[in-house]
Amino acid sequence: MVSQKEDKTSSVQQLIANSRNQKTKKIVEKAMPALLFSAAIISILTTFGIVFTLIFETFEFFKRVSITDFLFGTKWLPFSGNEPLFGILPLIAGTLKVTLIAVVVAVPFGIASAIYLSEYASEKTRRTVKPILEVLAGVPTIVYGFFALTFVTPVLQEIVPGLKLFNALSPGIVVGIMILPMITSLSEDAMSSVPNSMREGALALGATKFEVAIKVVLPAALSGIVASVVLAISRAIGETMIVSLAGGSTPKFDLSVTDSIQTMTAYIVQVSTGDAGYGTTIYYSIYSVGFTLFIFTLVMNLLAHYISKRFREVY
Amino acid sequence: MRYMDDTVVMKRMTKRITANKVWKTLFFLATTFALVTLAVLLYRIVTQGIDYLNIDFLTNFASRFADKAGIKAALIGSLWLMAVVAPVSIILGVGTAIYLEEYAKKNKINDFIRMNISNLAGVPSIVFGLLGLTIFVRMMGLGKSILAAGFTMSLLILPVIIVAAQEAIRAVPNEQREASYGMGATKWQTILRVVLPAAIPGILTGSILALSRAIGETAPLVVIGIPVILQFLPNGLLSQFTALPMQIYDWAKRPQEAFQYVAAAGILVLMTVLLLMNSIAIYIRNKFQKRY
Amino acid sequence: MVLDFKEEKTIVKRNQATTKSITDVAKNIVYDTRNLNLWYGDHHGLKDVNLSIYENEVTAIIGPSGCGKSTYLKTLNRMVELVPIVRTSGEILYRERNILDKNYTVEELRTRVGMVFQKPNPFPKSIYDNIAYGPRIHGIKNKKILDEIVEKSLRGAAIWDEVKDRLNQNAYGLSGGQQQRICIARCLAIEPDVILMDEPTSALDPISTLKVEELVQELKKDYSIVIVTHNMQQAARISDRTAFFLSGEVVEYDKTDVIFQTPADQRTEDYISGRFG
């Protein structure tokens, strides 16, 4: 029996020993982590690429335009022939108008639907609504921009007197619709991860579902909800196509939402579709605007990261 | 002595219950807002675009005249673009995810990579356009080609693919890896033959969703300076091209009302492509749902 | 005074037991563990373990949970290293070579030493691909040879008749007991020298458990088996030798009937009579 077993063992183990190509195996084992690491490095190179591109070209820009004029100037008139002005405040004002309107639309609706989905809705409703939200989040922004220009603006013009064809209101509302699914789904995640035992504790004292939602779930999930809003704001600031199509190209440093505006992103698009030659001040200006935009969104992203890390509830 | 006065409690009770009902209705209406918006949006676009959507529209090149305008160059161009974006972003994304989940030890470099990826996901797409314009179009001299746009788009969706692939790889139970190691398999053999096959449905679903984002993305293409009125099809990776969202943007900007309908028809084509891709992703997700 | 005397006696008895095991040279030693210590970070998981495992025997390892029995088993094929904070000292000689030596390739060791896990863990592949996994990763590609290996392994795991008509079906469609026998068959496919089993029946129903136990009895003719179990009746039924672990130490190691009928150590007696654990 024993000897027979040894014969058998030697058969498969022998085959293994013969066919095993130790050398290639060893090389592959050593090479793969290095190869995969170099793939991971690409993402770091991308960040470096972005930062260096923006810094170098912005530096070129500041050789031609003074940094104080750029930061504190209230007129953005790059195309006025003999004396172009590059004060970024009007572009920032345009961006902030749109972002603010978007937040006013998206935050109440987004959090309210998150509460509904997480606290009230049946499993079946949730399974219908969530994919629809995913679809809404997947609609390309160019489509939203078209919708803003050809539907929302005309409808608003019926309601709001003096609303121009290009304005801040219409793209603001549509950007709000665009970021709404993001707020809803991230807030819903935060609320759903509040343990049921906390809800049951309140319900057993005779609290209504509304009281549980507002006094128990909302405070417990607050950091997640705030982080979702901050991330959504970052998305709104960087949104391009909606504001390019429906916002206009008249940068103004004021508080009007009915007049034509221009956001930072829309300016970059305007220059890119025009024929500003390589090496001109206008060409470099898109990098300085891009750099400003990048800083805005970076701060928002880091803030969201910090909020969700720092105030993460431990259940 | 009792502190709870039953009559007061009962009186407040009715109010509280009514408040609950009112708020529930409000929350529900807020939820329907998104759904109604989507319905209106789709309805508008279908009614605007359907009349222009026909075989000629699909087979014609762009034109100065609305009724002769077609989407052929843009549709084929978008396919070419995907032919670059899909392999580049999936190989890099899945490679990074494998590295982070299977090999990366907890140290500063790897923490930095992780943090960097989550930040990269929040960078506006137009900034990626500036990167593409400087690095790929000018420095590497690729011009306004499919390759330059493809690389730019790949970097843009890379974080999405990495995160999706990481989740899929993490979902493979450790017992599976142990079983493989227990047979004398090496680490790479285990990854290649056990972890990846089990994670592939998740990776594919995530990748398709990321690609569908890339196919509808406009801003980077605008910044790179992709042309819109093209009378020829691309003949290679370094060829000039145009893409669906770019073409739609051009039509939507035009002052003539007729072009609005053309734009709507273009959106219908784009949305159909997206719907197709999403259906495939959902099919894969449902077909290969977890079996552990 | 009386207490002291008693303790002394126990120690003497234990030494006798160990000596007896080591001097039992009728069979070849497969594994010889010498002064093995193991730490998980600061936790001293295994303390001075000395244990010999014999060819063509079933060696059972029993003890309460957390006593280090699974850790010891996983040290035998160095699976314990998958936890990065583990440190070891001492030697484990497998066929006279120290496997804790850094130059010993784990892949080679694990090719000779198979493992069956607590929870059945077939791959989400067909039954055939599950069994062929081992041979394939070791470079056997010939379809005819693979067919033979698959059939022989499934027969060896006493599951051939149940699955021979559906080799291309996913192994996840099988019952828990069948899955575990598939895992055993998968392990047999590379014809290992030793099979390590980590509580292989703890997730199974009584009938499946019985089948696996019968299978273990059958397999010991060809393989040396080390089985960790929390089920003392199982150890008594199927093993030739039993080691009792407590807090990382080997309290007693002897022939199974000695352990269960006339244990030398009070703690062993307490454990097997169900007084703790």
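Which residues of chain A does the UniProt annotation "transmembrane region" cover? The unreviewed entry lists residues 34-56, 85-111, 132-156, 168-191, 212-233 and 282-303 of chain A. The model examined here is predicted. Two of these annotated spans were examined in the model. Residues 85-111 of chain A are 85% helix and 7% strand. The end C-alpha atoms of this span are 42 Å apart. Residues 212-233 of chain A are 95% helix and 0% strand. Here the end C-alpha atoms lie 28 Å apart.

Chain A is also divided into domains. Domain 1 takes in residues 17-64, and domain 2 takes in residues 85-310. The C-alpha centres of the two domains of chain A lie 34 Å apart. Contact between them involves 10 residues of domain 1 and 12 residues of domain 2. About 1000 Å² is buried between the two domains of chain A. Carbon and sulfur atoms give 78% of that area. On the side of domain 1, L54(A), E57(A) and F61(A) supply 53% of the area buried against domain 2, more than any other three residues. Between these domains of chain A, 0 salt bridges are found.

The contact takes 19 residues from chain B and 25 residues from chain C. The area buried between the two chains is about 1900 Å², and carbon and sulfur atoms give 60% of it. Across this interface of chain B and chain C, 1 salt bridge is found. It links K119(C) to E175(B), with the closest N and O atoms 3.6 Å apart. On the side of chain B that touches chain C, α7 (174-182) and α8 (187-216) each supply at least two residues. The largest share of that side, 7 residues, comes from α7(B).

Within chain C, one residue was followed in detail. I225(C) sits in strand β8, which spans residues 224-228 of chain C. Is I225(C) buried or exposed? I225(C) counts as buried because its relative accessible area is 0%, and the cut-off for buried is under 20%. Leaving aside residues up to four places away in sequence, I225(C) touches E57(C), V58(C), T59(C), I195(C), M197(C), V216(C), L219(C) and K220(C). I225(C) and E199(C) are 26 residues apart in sequence. Their C-alpha atoms are 12 Å apart in space.

Terms used: Residues are numbered from 1 along each chain as its sequence is written. Chains are lettered from A and ligands numbered from 1 in the order in which they are written. This is a predicted model: local features need pLDDT of at least 70, side-chain atom pairs count only at pLDDT 80 or more; totals for chains, interfaces and linings use all residues. Side-chain values use heavy atoms; hydrogens and water are left out. Helices (H or I, at least four residues) and strands (E, at least two) are DSSP runs, numbered from the N terminus. Buried means under 20% relative accessible area, exposed over 50%, partly exposed in between (1.4 Å probe, protein chains only). Contact means heavy atoms within 4.5 Å. UniProt positions are given in the numbering used here, feature names are shortened, and annotations may be inferred rather than shown by experiment. Domain bounds come from an automatic or database domain assignment. Buried area is the accessible area (1.4 Å probe) that two parts lose on being put together, summed over both. A salt bridge is a side-chain nitrogen of Lys or Arg within 4 Å of a carboxyl oxygen of Asp or Glu.
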